[in-house]
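My entries follow in the order I made them.

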Amino acid sequence: MKSDDPLLVSWQRTLSHKGNRAAVLNPNGKIVRSFRDIEGRARAFEANIDTLSAGAVVAVQIGNHEDWPSVFIACLRKQLVVLPVDQSISAQQREAALKICGASAVVSTGPTGNSPGIVRLGTAEATADWGQNAPALLKLTSGTTAAPRAIRFRSHQLLADCNQICETMRISDGDLNFAVIPISHSYGFSNLLTPLIARGVPMVVSRDRTLRAVLADLARTGATVFPGTPVFYQAFCEMDDVPMPPILRLCISAGAPLSRSVAKTLREEFKQPIHSFYGASECGGICYDEEGTTFEDGLVGRPMRGVEIELVDPTTSASQIRVRSQAVSDGYFPEPDEQKLGNGVFVPDDLLAPHNSVLKIVGRVSDVINVAGKKVNPAEIEAHLLRFEGVRQAVVFGCPTGTGLRNEEVAACVMASPQLTQNDLLRFCRAALSPWQVPKRIFIVDAIPINERGKISRRELARRFSEGRETSPLRRLGS
């Protein structure tokens, strides 16, 4: 039966044009799936999910497996709702996500990483009543709390995001994507999986995240597009004798703001611009730095093609934005939040500011620190600390004062040269900042911890240091 699902329509077009051509390669450059192979395995997988009712939620936890496209296509045909689950998620988080989303089954590969199999969940409740706008995909997000929730997407929204990305970044079926970021994340799903299905862009699937292996595999496979995160690029800068693969034409950085120093180093030493990409799980791509030659912390570039951005408060130096595009999701599940996401509009928590003709991220609404009633933007203090010679990275956050009032004090974690001390940095801050902006404590560390998405959590840093787990301001931490 012919489907009118826009992703499946696009897939049929891709399949007819690409046929037996390479679709998925391993890190050695061997073809492991042609486009026709993907179709065959999708048809075979349909038999495994035949007993599931339309609208049932199927969690997919298979890492960067070559059968991701087949599993997704099969679920689209059966009108099932796919819930990507990262392999690094804890068992407790996984169970919470499955329960909240009402998953009926889980697709996994087991410990050997073999072909995906499906396990029915006997505890699953009845299929949700999705109404007229049944989703094709649920993206997990923690939002502003630790509790998981999901974001509802229909196929036309996923396709719109894919098209906006490929057209803005000029990615075509003549490119070869390198998939080391997780396909289960919003960034990987939109930059790797849907371009393969909808536009025939092949990819290399990699599970080895060691830096030298990534560089070797990039060169071995002849990949032309590398969607990465700032942590990858920073590590490249710190390695010795690191040649960039000559055929690599596009390096994308997303998941967290890219620092000015990393972007500049890669441009000067490796002659390779890094293009910042700003997006959100709720709406896909938002902005893109097409030139990659402006070195400014937090730079995100201009709105992507098909994306409209409006400043919520244009009278201030930094404002939230309203994002409008065909890729904006239908809303959160199970509890909607229409003020933040709905009716084709999404309002991120990030604070953005114009910088010449582009935009830059300067903080988040939730990051603002309340110091005796005065609002402190941590990004301003971070920018000041980074002006001190020898400071490589700085993260500022608020810690409770312990008075029982809704009051905080400013603290900072800094990666810096060994000879620098807390007193050096405090004197530097006192000379230029207002008294309420000056950190009470500065922790000089060997590495600032990040999560598996390559992001830094100010909330986790505040918890770590305010609970006394780190007692000395000068104690150096490992990653």
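Entry one, the largest cavity. I am working from a predicted model. I find the volume of the largest cavity to be about 70 Å³. The structure has one cavity of 30 Å³ or more. I listed the residues that line the largest cavity: L258, S259, R260, A263, I274, S276, D289, G292, T294, F295, E296 and L299. Two elements, α9 (260-270) and β13 (274-280), each give two or more residues to this lining. By class, I have five nonpolar, four polar and three charged residues in the lining of the largest cavity.

Which residues of α11 (residues 422-432) are buried? I noted Q422, L425, L426 and C429. Looking down the axis of α11, I see these buried residues fall within an arc of 100 degrees, so they line one face of the helix. A431 and A432 lie on the other side of α11 and are exposed. I then checked what covers the buried residues of α11, and the cover includes α10 (378-385), β25 (391-400), β26 (408-416) and β27 (441-444).

I located T109 in the loop between β5 (103-108) and β6 (117-120). Is T109 buried or exposed? Its relative accessible area is 7%, and because buried means under 20%, I put T109 down as buried. Setting aside neighbours within four places in sequence, I recorded contacts of T109 with Q61, I62, H65, Q87, N114, S115 and P116.

Note on methods: Residues numbered from 1 in each chain as written. Predicted model: local features only at pLDDT ≥ 70, side-chain atom pairs only at ≥ 80, totals over all residues. Heavy atoms only, no water. Helix = DSSP H or I, 4+ residues; strand = E, 2+ residues; numbered from the N terminus. Buried < 20%, exposed > 50% of the residue type's maximum accessible area, 1.4 Å probe, protein only. Contact = heavy atoms within 4.5 Å. Arc of directions from axis to C-beta. 1 Å grid on protein atoms, 1.4 Å probe; cavity = no way out; pocket = protein on both sides within 12 Å on 5 of 7 lines; lining within 4 Å. Points joined across faces, edges and corners; volume = space filled by probe spheres on them. Nonpolar A, V, L, I, M, F, W, Y, C, P; charged D, E, K, R; others polar.
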